[in-house]
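Visitor: I have a model open and want to learn how to read it. Where do we start?

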Amino acid sequence: MSEQVKVTFHGGLGDIGRNCATVETEDAMLVLDCGVLFPSEERPGVDFVLPDLSYIFERAEKVVGCITTHGHEDHIGALPHLLREVPTAIHGSPFTLGLARRRVKEAKLEHRAEWRPLADGEQRKIGSFSCEFIPVTHSVPGGLISAIGTPQGIILHSSDFKLDRNPVDDRHTDLARISTLASSPGIRLLLADSTNADMAGSTASESEIGPAIAEVLATNQGRRIVVACFASHLHRVQQVVDAAVRDNRMVATLGMSMQRNVRLGRDLGIIHIPEESFVSIEESDYLAPEELCVLSTGSQAEPRSSLATAAAGDNRWIKLGEDDTVVLSAHPIPGNEAAVANMINRLMELGAKVVHAGALHTSGHGKRDELAELHAAASPEWFVPVHGELRHMLAHADLAEVRGMNPERVILARDGDQVVLSDKGLHLNSKVTPGDYLLVNGKIVDIDRGMLRERRKLRDEGVIAVSVLLRSGEADLSAVDVFVESRGWLDEPERSRCEEQVEEAVLDIVVRFLSNFSESASASELDEGDMEELDYQIRRAAGKRVRAITGRRPVVIPIVHRMPRD
Ligand SMILES: [Zn+2]
Ligand SMILES: [Zn+2]
């Protein structure tokens with residue numbers, strides 16, 4: 001009998017983001033990715049969301065290393081959170097490690113990690129796991145499929161992938177190697193990317209974008225071109241550069257992450273920009289519009305990004321106007337559509353032409369035909385869909401079953417679940433860890449215990465503070481002052497008028513409440529129960545009046561002060 005192997009999912013099974021899993025034997029644990037989730041409208045004011053790593057922290061002494069499959073934030077962004085508790089070795093391709101290292105350095109945790117670059121096809125023992133890393137195509141260079149050798153056979157993790165037949169850097173997905181492993185020794189368990197599992201067909205090759213960009217340049221002669229794309233998407237960057245150089249333009253980068261990633265890519269030999277075609281953005285004002293192509297961040301209209309600030313007219317380096325054609329070479333990520341549309345309007349108000357046709361972008365994730373090909377090559381004994389919302393994972397499970405896989409061998413797991421591989425097969429242990437969402441608010445990391453509900457209410461309805469001062473002078477409670485102050489509720493002059501009306505309603509209820517007590521009672525004699533009751537009545541009276549005037553339900557905060565007897 002062989003030792004059993006546990007695979008625990010800490011994030012990424014239910015959302016696209018915060019991907020993190022562990023593969024574990026009795027005495028060793030391997031971490032597989034450690035990423036963040038970017039918050040949607042549902043989480044206002046949250047910087048980002050981390051996976052709950054408490055399960056790993058409780059077993060820190062077993063951790064033998066962390067594999068980073070590629071350099072996207074949803075796979076590397078939470079490394080500081082891991083390293084703060086568990087110093088360990090990080091394995092990944094040179095470009096992945098370059099991006100990860102920057103993130104870790106910013107968190108001042110570089111001394112907690114060892115960096116172990118991986119070559120394509122490399123075999124490496126990590127702790128007791130014999131691993132092999134297979135090149136795969138995606139929307140960032142250096143993606144790796146991990147074949148993790150365990151006492152229960154090979155666990156194959158697809159990483160984020162598409163099967164690009166014509167990759168820009170000619171680095172192909174090595175499906176043949178997967179087929180070889182599948183025939184001997186066989187793939188025990190497949191964990192595969194579900195992002196586009198509900199989409200038929202195949203994703204277009206990245207190399208189809210180059211000609212579309214060249215076409216934009218050809219039809220925009222005499223104008224400055226600004227192309228916004230993801231800063232880690234260096235194959236896109238390369239194609240923009242190639243088109244620009246052919247059009248006799250100089251190339252400049254705009255935005256910190258674009259500048260740094262292009263430098264890293266050039267240093268690693270991943271992208272090639274002829275020295276004579278490269279100009280810094282600071283020096284680029286001397287060029288005529290038709291002589292320049294700018295590569296910019298901000299394709300998602302992120303508030304502080306270069307393109308968003310340029311659209312608002314306050315970018316330090318570039319003023320956009322009638323001489324500019326702005327190319328958005330990325331689809332808005334779900335949740336960013338409105339912000340992107342808004343940015344396009346602002347760019348157009350400045351007089352710029354904006355191009356954002358579908359032919360200027362392609363996904364980094366394979367659709368159903370590509371997923372089917374991976375399943376065919378791997379022909380796994382067991383399958384768990386990963387990297388997706390529930391709808392994507394269900395579509396992926398369906399695909400495996402349509403291909404003829406026994407439905408009992410397709411296991412649907414969620415964040416916090418664990419699957420255990422033993423001689424008997426695979427079984428699911430639900431919720432071995434809570435899989436909580438850890439919210440990063442500035443410097444504070446916390447689990448949501450109702451705070452977001454409160455914040456959404458503040459966002460949607462505003463807040464009213466009702467402050468009541470009970471003066472107990474000689475011997476009576478009747479000297480009462482009420483002040484109402486609101487935020488995010490109404491604009492002037494309605495605001496003052498409504499505040500006054502709320503003040504009246506509250507004064508009325510407080511006086512009526514106090515009339516239950518004897519004339520000679522003093523405010524300091526109201527006990528805790530009385531104060532709670534008073535709070536409740538103030539909130540109710542204020543809320544009722546506010547609703548009557550405006551039909552809205554802002555948050556009401558009563559604050560009662562008691563002035564002690566002299
Ligand atoms: Zn991903
Ligand atoms: Zn990715």
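Guide: With a pair of strands. This is a predicted model. Strand β25 (residues 463-471) pairs with β26 in the antiparallel sense, over nine bridges. Within that pairing, A465 has E485 of β26 as its bridge partner.

Visitor: What holds strands together in a sheet?

Guide: Strands of a sheet pair through backbone hydrogen bonds, and the pairing is either parallel or antiparallel. Here three strands form an open sheet, ordered β26-β25-β27, with mixed pairing.

Visitor: Which strands stand at the edges of the sheet?

Guide: β26 (479-487) and β27 (555-563). Each has a single partner strand, so one side of each is left without a neighbour in the sheet. From one strand to the next, the twist averages 15 degrees.

Visitor: Which helix packs on the sheet?

Guide: Helix α15 (residues 528-550) does, touching β25 and β27. Its direction makes about 135 degrees with that of β27.

Visitor: Now two helices. How do α11 and α12 cross?

Guide: Look at the axes. Those of α11 (residues 368-378) and α12 (residues 390-402) come within 10 Å and cross at roughly 55 degrees. The crossing of α11 past α12 is right-handed.

Visitor: Which residues meet there?

Guide: From α11, R368, L371, A372 and H375; from α12, H396, L399 and A400. The contact divides into four nonpolar, two polar and one charged residue.

Technical notes. Residues numbered from 1 in each chain as written. Chains lettered and ligands numbered in written order. Predicted model: local features only at pLDDT ≥ 70, side-chain atom pairs only at ≥ 80, totals over all residues. Axes fitted to C-alpha atoms, helices over the stretch in contact; angles between N-to-C directions. Helix = DSSP H or I, 4+ residues; strand = E, 2+ residues; numbered from the N terminus. Left-handed = near helix turned anticlockwise from the far one by under 90°. Contact = placed C-beta atoms within 7 Å. Nonpolar A, V, L, I, M, F, W, Y, C, P; charged D, E, K, R; others polar. Pairing = 2+ DSSP bridges.
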